Amino acid sequence: MTVRVGYAAGAFDLFHIGHLNILKHAKNECDYLIAGVVSDEMLRLTKGVDPVIPLAERIEIVRNIGYVDEAVAETVPDKLEMWQKLQFDVFFKGDDWRGTEKGMRLEREFAAVGVEVVYFPYTMTTSSTQLRRALAALAG
């Protein structure tokens, strides 16, 4: 029997229901789920934000979610480089990437190495950006 390995990457900062939903949906689509927790440096580089929760704590939180079999630090901006290290079969992403230039590029790159890209609905009710804004308003 072949084990289907999935990879779901995210900052997982200010862990909320949207994060849980992605991990839950991902686990339903694979046998072994690896969660890539984006490092502080990569968050600054790719999103221009500093995480509220440090990487080591975010990894510990995600590692202890029942849907997650393994949590790793994602320290490179290239998802294909993570695939070279982890050899997953399916990559999970929020559907806010579907149909975008970066999403289509990701699909092409992964298709070339036999990795399926599966999109899940973005949870509109809660986001880390909204939580950051609320925290800033409370602090200001």
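View 1. Y7 is buried, with a relative accessible area of 0%, where buried means under 20% relative accessible area, exposed over 50% and partly exposed in between, computed with a 1.4 Å probe on protein chains only. The model is predicted, so that local features need pLDDT of at least 70 and side-chain atom pairs count only at pLDDT 80 or more, while totals for chains, interfaces and linings use all residues. Residues are numbered from 1 along each chain as its sequence is written, and side-chain values use heavy atoms, with hydrogens and water left out. Rings of Phe, Tyr and Trp (its six-membered ring) pair if their centres lie within 6.5 Å, and planes under 30 degrees apart count as stacked, over 60 as edge-to-face and the rest as tilted; by this rule there are 7 aromatic pairs. One of them is the stacked pair of Y7 and F88, at 4.7 Å centre to centre and with 10° between the planes. This pair links distant parts of the chain, as Y7 lies in strand β1 and F88 in the loop between α4 and β4, 81 residues apart. F88 is also buried, at a relative accessible area of 2%.

View 2. Ring pairs join Y7, F88, F91 and F110 into a cluster. F110 is one of the buried residues of helix α5 (residues 101–111), together with G103 and L106; these residues cover an arc of only 60° around the axis, which puts them on the same side of α5, the arc being that of the directions from the helix axis to the C-beta atoms. Helices (H or I, at least four residues) and strands (E, at least two) are DSSP runs, numbered from the N terminus. The cover over the buried residues of α5 includes α4 (79–86), β4 (90–94) and β5 (116–120), with contact meaning heavy atoms within 4.5 Å. The face turned away from the buried side of α5 carries the exposed residues E101, R108 and A111.

**View 3. Two loop residues with positive phi.** Most residues other than glycine have a negative phi. L14, in the loop between β1 (5–10) and α1 (17–28), has a positive phi of about 50° although it is not a glycine, and at 16% relative accessibility L14 counts as buried. Q87, in the loop between α4 and β4, likewise has a positive phi, of about 55°, but Q87 counts as partly exposed at 43% relative accessibility.

**View 4. K93 over the ring of W97.** The charged end of K93 sits over the ring of W97, 4.3 Å from its centre, a description that requires NZ of Lys or CZ of Arg to be within 6 Å of the ring centre and within 35 degrees of the ring normal.
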